[in-house]
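Today I'm looking up rings, charges and a sheet.

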Amino acid sequence: MSLTKEQLKQDIKNIKPNLTDNSLNKYVKDIFNIYNKYTGNQSDEITDLDIFKEVDNIDTLINNLAISTQRNFYTAIFTLFKSQNELIIADIYGKKLSELNIKQKEKYENNEISDKTKKKLEIKFKALGDFIIKLNNEEKYETALMLALITKYLFRNEIATLKTIQEKEYNNLNEEELKDNYIVLKNKKPLFISRGIYKTDKKYGIIKTKLEDKLIIKIFKKHYEKMTDNIVFKDANGNQMNSKSISKKIGRITEKELGVSLGTSSIAKISIEEINKNPQALKLLKELGESRGTSINVLLSAYFNNYP
């Protein structure tokens, strides 16, 4: 039996019809990465599915990776065997996932973080704020806005797909059209961000976040003046960014300025560490969690690290 990437996508889609394209592509990418690493070849077709049934060998291949990365690979392989109706093998990987989930939960509860994460968390919130101001002063408004939205509201990479829309037009959108990401304007002033596409949208639906931060409003207005259409963030070729390209850009600019490559999760942790200094921290985190589409329990366990 052989499987091409497109066949595998369709098989997974059959058992998970509500899976987002990003998640679907991630599953397929992880499965082929493991397969190619195991075989030592670069192939666009799986010709020997039994390789994944050698569970101990797969373990050896990835057990030196971070727990979160192992979980990603095991989830992908679990989904692979579910899609092929190989339920006995799927169950083996399901049990491994459960074991890793317990380990990850224990690490969160003990506030254990890796050396790599510690290095990222050595970056202080003030440094991020100063960098945003610097970008604004240098008239790099698009980049400043990108980083400011992630730092202030803990948004993920879904901001890559933001488009501007006037309030009147937004109010006339149908249910399907609302499942997109917008900065809603009244005249030229940003009122709120409406997100229908993000990591947990199946659970939380459309989320509206008021834009009240004065610096962000100021940066947006400057950026908006230079925009030629309704696409907020564009790549070097003038195309709308995607989650991958915006992630690379954030990592690149933070490494150049701050000496370490940061992602949205790292920035969220740094921001939450700062919020914890506020007497109203729990209330603020709850509000941010609702806006981000993350429960307060997840914010506290996965993103808050209290270490000396």
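I started with the aromatic rings: ring pairs link Tyr74, Phe81 and Tyr93 into a cluster. My rule for a pair: rings of Phe, Tyr and Trp (its six-membered ring) count if their centres lie within 6.5 Å, and planes under 30 degrees apart are stacked, over 60 edge-to-face, the rest tilted. By this rule I get seven aromatic pairs.

Before going on, a note on what I'm looking at: this is a predicted model, where local features need pLDDT of at least 70, side-chain atom pairs count only at pLDDT 80 or more, and totals for chains, interfaces and linings use all residues. Residues are numbered from 1 along each chain as its sequence is written, and side-chain values use heavy atoms, with hydrogens and water left out.

Entry: I took Tyr74 and Tyr93 and found their ring centres 5.8 Å apart with planes at 45°, so I noted the pair as tilted. Tyr74 is in helix H4 (residues 67-83) and Tyr93 in helix H5 (residues 87-109), so this pair ties together parts 19 residues apart in sequence. (Helices are DSSP runs of H or I, at least four residues; strands are runs of E, at least two; both are numbered from the N terminus.)

Are these two buried or exposed? Tyr74 is buried at 4% relative accessible area, and Tyr93 is buried at 0%. (Buried means under 20%, exposed over 50%, partly exposed in between, using a 1.4 Å probe and protein chains only.)

Then I checked Phe81 against Tyr93: centres 6.1 Å apart, planes at 10°, so that pair is stacked. Phe81 sits in helix H4 and Tyr93 in helix H5, 12 residues apart. Phe81 is buried too.

**Entry: charges over rings.** I counted a charge as over a ring if NZ of Lys or CZ of Arg is within 6 Å of the ring centre and within 35 degrees of the ring normal. The charged end of Lys5 sits over the ring of Phe32, 5.3 Å from its centre. Arg195 lies over the face of Tyr198, 4.7 Å from the ring centre.

**Entry: the sheet.** I found four strands in an open sheet, ordered S3-S4-S5-S6, with mixed pairing.

S3 pairs with S4 (residues 181-186) in the parallel sense over four bridges. In that pairing I spotted Lys163 opposite Tyr182 in S4.

Notes
Pairing = 2+ DSSP bridges.
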